[in-house]
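The following paragraphs lead the reader through one structure, from a single residue to the chain and back to selected sites. Please keep the sequence and the model in view while reading.

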Amino acid sequence: MINAKFIKFIFVGVLNTIFSYIIFVLIFYFSNNKEVTLTLSFVIAIIFNYLMISKYVFDDKKALYKLLKFFLVYLLLYIVNIVHLKVTVDFYGLNVYLAQFLTLLYLPLLSFYINNKYVFIKNGD
């Protein structure tokens, strides 16, 4: 059964995804470098996403304490994303915009699972 926290996460995730993709497109348009683009867009997205998720989804009062854990989750997601781009763009010749769009099919789910399980846990903070 889907709970309210997951519904909020989906809503915030959609906002973050749109925001992140627009940032990705703009930075890539000006830099034409997918690694630089991904790095800058991830840093911007991490800050935006952390603020939205910690306050709105998980209503976390220890938000600053968990920032390091959150950052580590997104570092892992960054690595998965960069590998995805390397494989899909460099090896299979996919358009970089489409390749990045495809990550939107699985990275948000992975993000929710890891954040829910390891970062914003209620017991054992």
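Is Phe112 buried or exposed? The model is a predicted one, and in it Phe112 has a relative accessible area of 13%. Because buried means under 20% relative accessible area, Phe112 counts as buried.

Phe112 belongs to helix α5, which covers residues 107-119. Besides Phe112, the buried residues of this helix include Leu107, Ser111, Ile114, Asn115 and Val119. The buried residues of α5 pack against α1 (4-31), α3 (67-91) and α4 (96-103). For Phe112 itself, the residues touched, apart from those up to four places away in sequence, are Lys5, Phe6, Phe9 and Phe58.

The chain as a whole may now be considered. It has five helices and zero strands, so that, from the N terminus on, the order of elements reads α-α-α-α-α. The C-alpha trace spans about 45 × 30 × 20 Å along its principal axes. Is the radius of gyration what a compact globule would have, or what else does it show? For 125 residues, such a globule would have a value near 14 Å, and the chain has 15 Å, which agrees. Of the 125 residues, 37% count as buried. Among the contacts with a separation of 6 or more, 69% are made by residues 24 or more positions apart.

The accessible surface of the chain comes to about 7600 Å², and 75% of it belongs to carbon and sulfur atoms. There are 11 positive and 5 negative side chains, and the centres of the two sets lie 7 Å apart.

Attention now turns to helix α2, which comprises residues 34-57. Lys34 lies in this helix. Why does Lys34 count as buried? Its relative accessibility is 15%, and buried means under 20%. The side chain of Lys34 makes a polar contact with the side chain of Asp90, at 3.1 Å. Asp90 is also one of the residues in contact with Lys34 once neighbours within four places in sequence are left aside; the others are Phe28, Leu85, Val89 and Val96.

Ser41 has its place in helix α2 as well. With a relative accessibility of 4%, Ser41 counts as buried. What does the side chain of Ser41 reach? At 3.2 Å lies the backbone oxygen of Leu38. Not counting residues up to four places away in sequence, Ser41 touches Ser20, Ile23, Phe24 and Ile27.

Asn32, finally, is found in the loop between α1 and α2. Asn32 is exposed, as its relative accessible area is 61% and exposed means over 50%. The backbone of Asn32 also deserves a look. Most residues other than glycine have a negative phi. Phi of Asn32, by contrast, is near 55°, a positive value in a residue other than glycine.

Technical notes: Residues numbered from 1 in each chain as written. Predicted model: local features only at pLDDT ≥ 70, side-chain atom pairs only at ≥ 80, totals over all residues. Heavy atoms only, no water. Helix = DSSP H or I, 4+ residues; strand = E, 2+ residues; numbered from the N terminus. Buried < 20%, exposed > 50% of the residue type's maximum accessible area, 1.4 Å probe, protein only. Polar contact = N/O pair within 3.5 Å; in protein donor to acceptor, adjacent residues only side chain to side chain. Contact = heavy atoms within 4.5 Å. Rg over C-alpha atoms; globule rule 2.2 N^0.38 Å. Areas by Shrake-Rupley, 256 points an atom, 1.4 Å probe, with all protein chains shown as cover. Lys, Arg positive; Asp, Glu negative; His and termini not counted. Charge placed at Lys NZ, Arg CZ, Asp CG, Glu CD.
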